[in-house]
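Let me put the structure up before I jot anything down.

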Amino acid sequence: MKSNVFKILAVMVLLVPLGLLTQNPAWGEWESDYYIKILGYLPKGMADAKGVTPLLPDYSMKGGNEVLWYYLSALIGIVLIFAIFYAVSKIGKRRVSKS
């Protein structure tokens, strides 16, 4: 089971640069103007998040290779998500063993 998960993740990481081929933004990465156009308003949570600065804006840093930064962003995201789920599972196991 684990090897299948890693194979799927590897394929997904390899396909990451496909997003560079399109002029359209990825699902959910629309600008505020898009939401206003489609919904007629900007949801409050999104309006409040305008001051949030992403760690890697547009999945890149100045002076770097765009494709390389896409791969690095994907890998950083995967590592962060695995770390969060690993930590949550460890906390859950401790609570179960104490009860």
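Below are my notes on aromatic pairs, a surface patch and a pocket.

**Ground rules.** I'm looking at a predicted model, where local features need pLDDT of at least 70 and side-chain atom pairs count only at pLDDT 80 or more, while totals for chains, interfaces and linings use all residues. I count residues from 1 along each chain as its sequence is written, and side-chain values use heavy atoms, with hydrogens and water left out.

**Aromatic pairs.** I looked up ring pairs (Phe, Tyr and Trp, the last by its six-membered ring, with centres within 6.5 Å; planes under 30 degrees apart are stacked, over 60 edge-to-face, the rest tilted). The count came to 5 aromatic pairs. Tyrosine 34 and tyrosine 35 are edge-to-face, because their ring centres lie 6.2 Å apart with the planes at 80 degrees. I checked their cover too (buried is under 20% relative accessible area, exposed over 50%, partly exposed in between, with a 1.4 Å probe and protein chains only). Tyrosine 34 is partly exposed at 35%, whereas tyrosine 35 is buried at 13%.

Tyrosine 59 and tyrosine 70 make an edge-to-face pair as well, 5.4 Å centre to centre and with 70 degrees between the planes. Tyrosine 59 sits in the loop between helix 3 (44-48) and helix 4, and tyrosine 70 in helix 4, so this pair ties together parts 11 residues apart in sequence. My helices are DSSP runs of H or I, at least four residues, numbered from the N terminus. Tyrosine 59 is partly exposed at 32%; tyrosine 70 is buried at 16%.

I also noted one aromatic cluster, made of Trp30, Tyr34 and Tyr35.

**Surface patch.** Which residues form a nonpolar patch on the surface? I found Leu68, Leu72, Leu75, Ile76 and Leu80, with about 420 Å² of accessible area together. Leucine 72 belongs to helix 4 (residues 66-98) and is partly exposed at 33% relative accessibility. For patches, I took residues with over 30% relative accessible area and no salt bridge, joining nonpolar side chains (Val, Leu, Ile, Met, Phe, Trp, Tyr) within 5 Å and like charges within 9 Å. A salt bridge is a Lys or Arg side-chain nitrogen within 4 Å of an Asp or Glu carboxyl oxygen. Areas are Shrake-Rupley, with a 1.4 Å probe.

**Largest pocket.** I used a 1 Å grid: a pocket is an open set of points where a 1.4 Å probe fits, with protein on both sides within 12 Å along at least five of seven lines, and lining residues have an atom within 4 Å of a point. The largest pocket holds about 1500 Å³ of space. Its lining has 39 residues, with Ala26, Glu29, Leu56, Asp58 and Tyr59 nearest the centre. Helix 4 gives the largest share of that lining, 10 residues.

Key
Helix = DSSP H or I, 4+ residues; strand = E, 2+ residues; numbered from the N terminus. Points joined across faces, edges and corners; volume = space filled by probe spheres on them.
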